[in-house]
Amino acid sequence: MWWFIPALVATVAWGTADLFYKKGADPDDKYSYLKTVILVGFIMGLHAIYILLANDIQYDPTYLIKYLPVSFFYILSMAIGYAGLRFLELSVSSPVQNSSGAIAGLMTFIFLGQTMTGIQFGAVFLITMGVILLGVFEHQLAEQERIEKKEVIDRKYKYGALALIFPLLYAFLDSLGTFADAWFFDAYAAFDDGTLEMQANLSYEFTWLLVAIIVFVYVVIIKKQSFRAKDQISRGLAASFETLGQFFYVYAISSNAVIVAPMMSAYSVVSVILSRIFLKEKLTRNQYLAITAILIGIIILSFE
């Protein structure tokens, strides 16, 4: 059960990060999502450097290559997710994106032979259905409000169903990343000297740093786009919470991926609640029911 607390911390941290990702998404700036990539990479890189300097850890650079498939799917999915936030409400995109947890849990169950009890399966089912229904209810509410108020659709939402490609593609790639993560820890468990989780996390963060440097050169030096510090506050906060969540996620996923992956998809609940509070949106009865189902599933897992 020691995996539950890291998973819970990561869930809350990533849900909070989603709020700041949305606040930092500028629909009028086509480079907005790339600027988010830069901030995330820089802060992850700084965290990795701090971990190395503050702790007696012998980092093995070969893990950059060993962990690269995992890093590739995660980073690509996140960049696509950032791009999609320019065109979709957070409370719609986040639940759709995080259906990836259910997909990843199913993949680890089928291909890696990981198991769960009947009660755990029921809890995972509750979480998964809650996340899916939350996305459906959010989309219905948004359409209903626009029809009733006869609102002209904001430019960042005008792409409609086409914009759903972003969170759906994110979900697919992120599920591959989560599955690759579970496979990595299974494959290298025999070589673990007690630092495998840290080696993986450092490799992921250093890969992010390399990506951020490349994107920075492209956006700021080649394309000559503005990158003032005062304009990056929301992105910086998002990146900080993302890094915090990633740190705890690695420890959770390495021990119980088949349950952790679906559970942590529930960070969309945090995203929806915070977006309603700070982005001034409303929660309907159906949305409360979906959130309640997800919370019940999480509580059940906490006792299993």
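Good morning. What share of the contacts in the protein chain with a separation of 6 or more comes from residues 24 or more positions apart? The value is 91%, where a contact means heavy atoms within 4.5 Å.

The model is a predicted one: local features need pLDDT of at least 70, side-chain atom pairs count only at pLDDT 80 or more, and totals for chains, interfaces and linings use all residues. Residues are numbered from 1 along each chain as its sequence is written, and side-chain values use heavy atoms, with hydrogens and water left out.

I begin with the overall architecture. The protein chain has 12 helices and 0 strands; helices (H or I, at least four residues) and strands (E, at least two) are DSSP runs, numbered from the N terminus. Of the 304 residues in the protein chain, 54% are buried. Buried stands for under 20% relative accessible area, exposed for over 50%, and partly exposed for values in between, with a 1.4 Å probe and protein chains only.

Next, the nonpolar cores. A nonpolar core is a set of buried Ala, Val, Leu, Ile, Met, Phe, Trp, Tyr and Cys residues joined through side-chain atoms within 4.5 Å. The largest one has 38 residues, and Y21, F184, Y204 and W208 have the most contacts inside it. Two or more residues of this core come from each of helix 1 (4–24), helix 2 (32–54), helix 4 (68–84), helix 8 (165–187), helix 9 (196–222) and helix 10 (233–264). Another core, of 8 residues, lies apart from it and includes I51, I57, Y59 and L202.

Let me turn to Y21. Not counting residues up to four places away in sequence, Y21 touches T36, V40, M78, Y82, L85, A238 and E242. Y21 is buried, at a relative accessible area of 5%.

Helix 1 has 21 residues, of which 16 are buried, so the helix is mostly covered. From its first C-alpha to its last, helix 1 reaches 30 Å, close to the 30 Å expected at 1.5 Å a residue; the expected span is 1.5 Å times one less than the number of residues.

Now the aromatic residues. The structure holds 17 aromatic pairs. Rings of Phe, Tyr and Trp (its six-membered ring) pair if their centres lie within 6.5 Å; planes under 30 degrees apart count as stacked, over 60 as edge-to-face and the rest as tilted. One of the pairs is Y21 with Y82, tilted, at 4.6 Å centre to centre and 40° between the planes. Because Y21 lies in helix 1 and Y82 in helix 4, this pair ties together parts that are 61 residues apart in sequence. Y82 is buried, with a relative accessible area of 6%.

F42 and F216 form another tilted pair, at 6.0 Å centre to centre and 50° between the planes. F42 lies in helix 2 and F216 in helix 9, so parts 174 residues apart in sequence are tied together by the pair. F42 is partly exposed at 28% relative accessibility, and F216 is partly exposed at 25%.

One aromatic cluster is formed by Y63, Y67, W183, F184, F185, Y188 and F191. Over the face of Y63 lies K66, at 4.3 Å from the ring centre; a charge sits over a ring if NZ of Lys or CZ of Arg is within 6 Å of the ring centre and within 35 degrees of the ring normal.

Is S203 buried or exposed? S203 counts as buried because its relative accessibility is 0%. Its side chain reaches the backbone oxygen of Y63 at 3.4 Å. Leaving aside neighbours within four places in sequence, S203 is in contact with Y59, Y63, L64, Y67 and S71.

Finally, helix 7 (residues 118–149) contains Q120, and G122 is in helix 7 as well. Q120 is buried at 10% relative accessibility, whereas G122 is partly exposed at 31%. Q120 and G297 are 177 residues apart in sequence, with 8.4 Å from C-alpha to C-alpha. For G122 and G297, 175 residues apart along the chain, the C-alpha atoms are separated by 7.7 Å.

Key: Polar contact = N/O pair within 3.5 Å; in protein donor to acceptor, adjacent residues only side chain to side chain.
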